[in-house]
Amino acid sequence: MILYREGLSSGYEIEMLSRMFFPVLTLAGERTPFPPPPQEDWLLVRAAPDGLSVVLSRGGTTLSERSPAVPMEEQELALARMLFRCAVKSGCVPLRWGVLTGVRPIKLFHRMAAQGLDDAQQAALMRERYLLDDAMISLAQEIRRSEQAMNDRSLPNSFSLYVSIPFCPQRCSYCSFVSQEVERMRELIGPYVEQLCGEIGEFGGIARDLGLTLQTVYFGGGTPTTLNARQLSSLFRAVEKSFDLSHLLEYTVEAGRPDTIDRERLLACKSAGVTRLSVNPQSMNDEVLAAVGRRHTAADIERAFELVRSIGFESVNMDLIAGLPGESVESFSCSLERVLALGPDNVTVHALTLKRASTLAQEQELYERREQVAAMVDHARKRVRAAGLAPYYLYRQKNTIGSLDNTGYALSGKEGFYNVFIMDETHTIFAAGAGAVTKLRAPRGDTIERIYNYKFPSEYLANYAALKERKERVKRFYETHQQTEKLHYSDV
Ligand code: SF4
C-alpha cells in the first residue's frame with residue numbers, strides 16, 4: 001500500500017493509523033508518481049481549502065469519502081475517521097480502539113471523567129469522535145475506575161524508582177527490549193552494578209533535597225534475577241541507604257525467567273522487603289518456548305512458582321503473550337489454564353508485538369494471525385475474570401498485531417501500583433541504569449519532562465559524568481514548577 005498525504009500539517013497520526021490497517025506501507029515521496037501503476041494498492045489522504053478527502057484503491061476497487069473543510073486542529077482526526085471507514089468498507093476488520101493510535105487510551109477516559117462527563121457521555125464521545133468499539137469503551141471505563149482508586153493513593157510530591165537490569169540469560173526471538181545476553185556481558189556486570197548503586201545514591205540525594213516521598217520501587221529489565229544474590233543485595237542495600245522506604249506501597253522485582261530463579265536470590269529479595277515478584281512464562285507450551293529461544297520448560301515455571309510461593313511474597317504476577325509463533329488458540333488456552341492453576345495474584349496478557357512486516361506475504365500472514373490473536377485475547381478476558389481477577393491497567397504498543405492491547409488483571413487488593421503510576425504518568429519516575437528514562441511530572445498540571453540515560457550498558461558505563469550532569473535538570477524542573485504553583489495560587 002502506498003500512502004500519499006497532501007496538505008496535512010503533520011500526517012503522523014494518519015501514517016500510524018494506515019500502518020495499523022496495512023502493515024506493509026510505503027510513504028509516497030515527492031517523486032512518487034500518482035497514480036501509481038494499476039497493480040499497486042494506494043491511499044490518498046488530502047486536506048485542501050475546499051474540503052477533506054480520502055481515496056482508497058485496494059485490490060482493484062476504489063472507495064472514497066469527502067467532507068467540507070474543518071478547523072485545522074480537527075483536520076487530522078476527521079481524516080482518520082474517513083480513512084477508518086474506507087478501510088472497513090474495503091474489507092479490513094475494524095480496529096477495536098478505533099482511530100486511537102496512542103499507547104495510553106485510559107488517560108483519555110481519566111481526562112473526560114475529570115471534566116465531569118458521566119459514563120454515557122464518555123461512551124458517546126469515544127464512539128463518535130474516535131470510533132471505539134463498545135466492548136473497549138466498557139473495559140476502559142472499568143479500568144479507569146480501578147486506576148483512579150490507585151492514583152488516589154499517590155501522595156503529593158511522591159515518586160517511584162525504576163532500576164534497569166538490561167541482562168537476560170539469552171534473547172527471546174520476539175523481544176523488543178534492549179537486553180543483552182549475560183554471557184557476552186560477564187565482564188561488564190560487576191562495574192554496571194557498582195555504577196548503578198552510585199546512580200541510585202544520586203537519586204536518593206535529589207529526593208531528599210526536594211522533599212519527595214518514594215512510593216514504589218520496580219526492578220525491571222531485562223531480567224533482574226540474571227544478577228546473582230550478592231549483586232542483587234548490593235543494589236537493594238543502595239536503595240535502602242538512599243531512600244526512606246517507610247511510605248512504600250510496593251517493591252517489585254521482575255524474576256521473569258525460571259532459569260534465573262533460585263532460593264538464594266529469592267531470599268535476597270525477601271530480606272530486602274520485596275513484596276511483588278513477576279514470574280513470566282509467556283507460554284506454557286514447551287514447543288513454543290523452544291521456538292522463541294527460551295531454554296526452559298513449562299514444568300520449570302511451575303517449580304519456580306512453587307519456590308516463590310514457599311518463600312512468601314505478597315503478590316506474584318505472571319505474564320502471557322498471545323500470538324507467539326506456533327501458539328494456537330487452543331494451546332494458548334491450555335497455557336492460560338496451567339497459569340491459573342498455580343493461583344497467581346496478577347496475570348498480564350500481552351498481544352504479540354512484531355517487527356515491521358516488509359512483504360505482502362507477511363502482511364497477509366499478519367492479517368490471518370490478527371483474528372487468532374484477537375480470539376486469544378478475548379478468551380483470556382473471560383477466563384481470567386472468571387478466575388476472580390479483574391482488569392486494572394491497560395496499555396498499547398506500536399506494531400502490536402491487530403493494534404490490540406496489553407491488559408493486567410489482579411485479585412482485589414493485589415493490583416500493581418507501579419504499572420498504573422507509569423501508565424497514567426501519575427507522578428515522577430526516577431529511572432536508573434542503562435536504557436532507563438526518568439520522567440518528571442509537575443506537581444500541578446500535565447507537564448512531563450523526560451531525561452534519557454544511555455541505552456547500552458557499555459555506553460552507560462562510559463558516560464557517567466554526562467548522566468550526572470543531566471540530573472541537574474531534575475532540580476531545575478521542580479524549581480520551575482513549584483514557582484508556577486505559587487504563581488498559580490497568588491493569581492487566584
Ligand atoms: S526474558 Fe524478556 S527481556 Fe529478556 S530477552 Fe526475553 S523477552 Fe526480552
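The legends below describe close-up views of a predicted model.

View 1. Five strands form an open sheet with mixed pairing, in the order S2-S1-S3-S4-S5. Strand S2 (26–27) and strand S5 (61–67) each have a single partner strand and stand at the edges, so one side of each is left without a neighbour in the sheet.

**View 2. The pairing of S4 with S5.** Strand S4 (residues 51–58) and S5 run antiparallel and are joined by seven bridges. Within this pairing, Val55 has Ser64 in S5 as its bridge partner.

**View 3. Helices H1 and H2 on the sheet.** Helix H1 (residues 12–21) packs on the sheet, where it touches strand S1 (2–6), S2 and strand S3 (42–48), and the direction of H1 makes about 160° with that of S1. Helix H2 (residues 72–89) also packs on the sheet, touching S3, S4 and S5, and the direction of H2 makes about 30° with that of S4.

**View 4. Strand S9 and its pairing with S6.** Nine of the nine residues of strand S9 (residues 213–221) are buried, which means that S9 is largely enclosed by the rest of the structure; buried here stands for under 20% relative accessible area. Strand S6 (residues 158–165) pairs with S9 in the parallel sense over eight bridges, and Ser164 has Gly220 in S9 as its bridge partner.

**View 5. The β-α-β unit that contains S9.** S9, helix H7 (residues 229–242) and S10 make a right-handed β-α-β unit. S9 and strand S10 (residues 250–254) run parallel and are joined by four bridges, with Val253 in S10 as the bridge partner of Phe219.

Key: Residues numbered from 1 in each chain as written. Predicted model: local features only at pLDDT ≥ 70, side-chain atom pairs only at ≥ 80, totals over all residues. Heavy atoms only, no water. Pairing = 2+ DSSP bridges. Helix = DSSP H or I, 4+ residues; strand = E, 2+ residues; numbered from the N terminus. Contact = heavy atoms within 4.5 Å. Axes fitted to C-alpha atoms, helices over the stretch in contact; angles between N-to-C directions. Buried < 20%, exposed > 50% of the residue type's maximum accessible area, 1.4 Å probe, protein only. Right-handed = clockwise from strand over helix to strand, strands pointing away.
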